[in-house]
Amino acid sequence: MSNITTAPQRFTFLFLAVVRANPQALPHREQVTAATEREARSFLAGRYVLLFAGRLPVREVSHV
């Protein structure tokens, strides 16, 4: 029996973001690719106040 390991599925997470240093700034969209929402937030949470907006599957690219 062979062991088949697959990479964790990755998603593009979308957030509505406001710059943490300027609460009067206009909200804008930020996106990041990660395996989980927690991982995605960890990339952005230092700079932005985040509101979850969506999760899209990442499509694998096949080079022929």
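Is Arg41 buried, partly exposed or exposed? In this predicted model, Arg41 is partly exposed, its relative accessible area being 27%. The legends below begin with this residue.

**View 1. A salt bridge links the side chains of Glu37 and Arg41.** The nitrogen-to-oxygen separation of the pair is 3.0 Å. Both residues belong to helix α1, where they lie four residues apart, so that about one helical turn separates them. Glu37 is partly exposed, with a relative accessible area of 31%, and Arg41 is likewise partly exposed at 27%. Side chains of opposite charge can pair when their charged atoms come close. The count of salt bridges comes to one.

**View 2. Three strands form an open sheet in the order β2-β1-β3.** The pairing within this sheet is antiparallel. Strands β2 (28-34) and β3 (48-57) are the edge strands, each pairing on one side only. On average, neighbouring strands are turned by 30 degrees against each other, direction ignored. Helix α1, comprising residues 37-44, packs on the sheet and touches β1, β2 and β3. The direction of helix α1 makes about 125 degrees with that of β2.

**View 3. Strands β1 and β3 run antiparallel and are joined by nine bridges.** Strands of a sheet pair through backbone hydrogen bonds, either parallel or antiparallel. Within this pairing, Leu16 stands opposite Leu51 in β3.

**View 4. Thr12 lies in strand β1, which spans residues 11-19.** Thr12 counts as buried because its relative accessibility is 15%, and buried means under 20%. Leaving aside residues up to four places away in sequence, Thr12 touches Gln31, Val32, Thr33, Gly54, Arg55, Leu56 and Val58.

Technical notes
Residues are numbered from 1 along each chain as its sequence is written. This is a predicted model: local features need pLDDT of at least 70, side-chain atom pairs count only at pLDDT 80 or more; totals for chains, interfaces and linings use all residues. Side-chain values use heavy atoms; hydrogens and water are left out. Helices (H or I, at least four residues) and strands (E, at least two) are DSSP runs, numbered from the N terminus. Buried means under 20% relative accessible area, exposed over 50%, partly exposed in between (1.4 Å probe, protein chains only). Contact means heavy atoms within 4.5 Å. Two strands pair if DSSP finds at least two bridges between them. Axes are lines fitted to C-alpha atoms, for helices over the stretch in contact, and angles run from 0 to 180 degrees between N-to-C directions. A salt bridge is a side-chain nitrogen of Lys or Arg within 4 Å of a carboxyl oxygen of Asp or Glu.
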